[in-house]
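Grab a pencil and have the viewer open.

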Amino acid sequence: METKPSNGSPAKFVDQLVVPGDVILDLSTMAEQTIKLGGGLRQDCDAISVIKAGILRFSKPNKYWVESSQKRYVPCAEDSVLGIVVDCKPDNFLVDIKGPSVAFLPVLAFEGGTRRNIPRFEAGTLIYVRVVKANPGMNPELSCVDATGKAAQYGALKEGLMFECSTGLSRMLLSSPTCPVLETLGKKLPFEIAVGLNGRVWVNAGSPSIVIVVGNAIMKSESLTKVQQKIMAEKLLQRVQQE
Amino acid sequence: RAHSSTEQDCCTTLVAASGSSTILPPFSVHRPAGTLRQLFRVSSSTFISTQLATFPTYPAFCAGASMDSRLANTWRLTVNEKKFIETALASDLRIDGRKPLEYRKLTINFGREDGSADVQLGHTHVMGFVSSQLVQPYRERPNEGTMSIFTEFSPMADPSFELGRPGESAIELGRIIDRGLRESRAVDMESLCVLAGKLVWAIRIDLHILDNGGNLVDAANVAALAALLTFRRPECSLGGENGQEVVVHPPEAKDPLPLIVHHLPIAVTFGFFSTEYTMVVDPTHSEEAVMGGRMTVTVNASGDICAIQKAGGVGVPQSEIMRCLRLASDKAESITKNIKDAVEAFNTERMLRKIKRHSTAVAANVSIENDVKGQKDKLAGQRVNESSMSQMERLKLKPDESSISQNDGLGSETRSSDQISSQRAEGNAPLFLGGPSSWDPHTHGVDPDFLKASLAAQGKSNPKAEQSSEDSDDDVAMQEKDASEDVKPPSLATDSSETVEEQKTSIVKKTLKDAVKPKNRRRKKTRS
């Protein structure tokens, strides 16, 4: 790796690949500024250094974080994830969200939820939830309502099939504009899809063959560029239409 | 280990998330990793104990954290998946797009050492390794060698595998493979006897499960067979005062000998589901979780059934069982061919490695035969075993296949690197050579002049190899067994040179067009 100047301006590193040990910011040069650090960065006295390999991202006005793709998920507040119900307790459901520990979904965290109409989730139910709190060392807290209190598509997902993928792929599937593989498939095949930022994707369609085609196409697009994805999806559609 | 990795992750979560809001005072950052972990353990268990009254608090201090991570790490089957797999099977569809009776792609690679093989069946990855040792034979069988199989279910393969005592499935896997090899007498035990009653060779097969993608039995069986076929044991002779001392020759002195494997018992696993009589071949991990019963049939390419294993599960009618047996023998044929091809490629590559330096491929091919004949010299004293004979014949056939179909390349290492590079991002990955050739300083950079010269020579070698598949060559090979061998190589060489002129022009075009890159690697191998 070529040595970068230790007090380089952060703009040099934004959207670049960084590895643990890179120093991206020198605080001694900036005074009177508040900077927010997201995942993958830490502060060593005056230097902000990277502790996770990935791409450095910046969002206005002052938030930096490292985006990397792996199989495991690091729970983060305000993420929408797909969880699997593990167990039901009197106060909350234990939900597995592919993180270091199981998360809690309070029994009342549903739209119009009262003690009388607690939903019955059996072990193995797939649910689309939002991470409310994710503090280090604590089990994350989830909710099936959005910030305003509405249900907004959160809840149990029926039928369909769930696939596991990397966190990078799920971020790509959720990016806007729509990623090419979903766009190309969506033009010809009717299906519905729910993507969790924790590396889980749920696909549902009228017939199992469509679900399988869409699922496998998504899995395959992990390492392809946008153009390659489009080509792959189109070839797949041709083959499907021929049958 | 599954546990320690999650604790590591928890540490990074702690450190990373600590900076999620405004910049924190450095206290959380400057502790070394050990104490951070301690911190985490303390905090997690206290939090757990406050939020869940069910967890015992003080005594299960650390157990709280590990229990939680075990809870978080288990792979779970969703209700949706179970329902979907069964619905899809009703329309003959499987979630990875296969048909119910289709096998996944089988890839066999070999390591540098003799007797090590690694097999990939879809996502399932198993490594087999064969080693030998001189031991005392069993009292009831003083003339036979011994064979034992050891399996290791590494925790990296599956979160449910734990180090320590093997679980039920691990023992069952070992037993199925052992029964398939031992009961059917696939490996000749009597040839492993050195001194009757005193010293025999003990063959030990180690199987390491590296990744569990379903159907471990089949993959492990193929790994064991591939390793057995490429294993070479040291040659030993009797010496000493009264001919009772055994001298084990090192591989540099005398070429080690292959094992005598009479046939290849192939295991084929079937999965039965509770709906109707749905059956799949080669189940994946999710299908294994959903299926109601399984059966493994070990059969060889000639259709002899070596073993059948059905341990409980859904009841299956007799007609279905017979159907499974027929299917299994079909699959066994194709898998046997797959294994044999891979082993031949490896053997050819091994021969080429023995050759020091040759500028033309023709000379290389001729010296292959020389080398093989040299080995046969040693074998002449002992029983002529058919496997080495057929090996030599197939050796002649193999250069034919490998040079004609350039994409297969020579040697399994190139094949594996081909597959690796094709599996990676198309067009993104640099040319990955993989294997031992990449570290050898002499293999860097082939100069274009040499390449052109070698391409021309390549044209000569192809027709020579093509000709080898004709009957005349086989007859020559037969005669060589008995007659003096020195006469033969010149005649072979002259044969080849004749056909070279005829077929050179027609063949050269084909070789130049086909994949130049694999040829690149081939040149490097013969140089080193």
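**Exercise 1.** In which handedness of crossing does α5(B) pass α6(B)?

*Solution.* Quick housekeeping: this is a predicted model, where local features need pLDDT of at least 70 and side-chain atom pairs count only at pLDDT 80 or more, while totals for chains, interfaces and linings use all residues. Residues are numbered from 1 along each chain as its sequence is written, chains are lettered from A and ligands numbered from 1 in the order written, and side-chain values use heavy atoms, leaving out hydrogens and water.

- The crossing is right-handed (the near helix is turned clockwise from the far one by less than a right angle).

**Exercise 2.** Work out which residues of α5(B) meet α6(B).

*Solution.* 
- From α5(B) come L173(B), I176(B), I177(B) and L181(B).
- Their partners in α6(B) include A220(B), N221(B) and L225(B); contact means heavy atoms within 4.5 Å.

**Exercise 3.** Find the helix that holds V79(B), and its contacts.

*Solution.* 
- V79(B) sits in α4 (residues 79–90) of chain B.
- At 32% relative accessibility, V79(B) is partly exposed (between the buried limit, under 20%, and the exposed limit, over 50%, with a 1.4 Å probe and protein chains only).
- Neighbours within four places in sequence aside, V79(B) contacts E122(A), A123(A), G124(A) and T125(A).

Conventions
Helix = DSSP H or I, 4+ residues; strand = E, 2+ residues; numbered from the N terminus.
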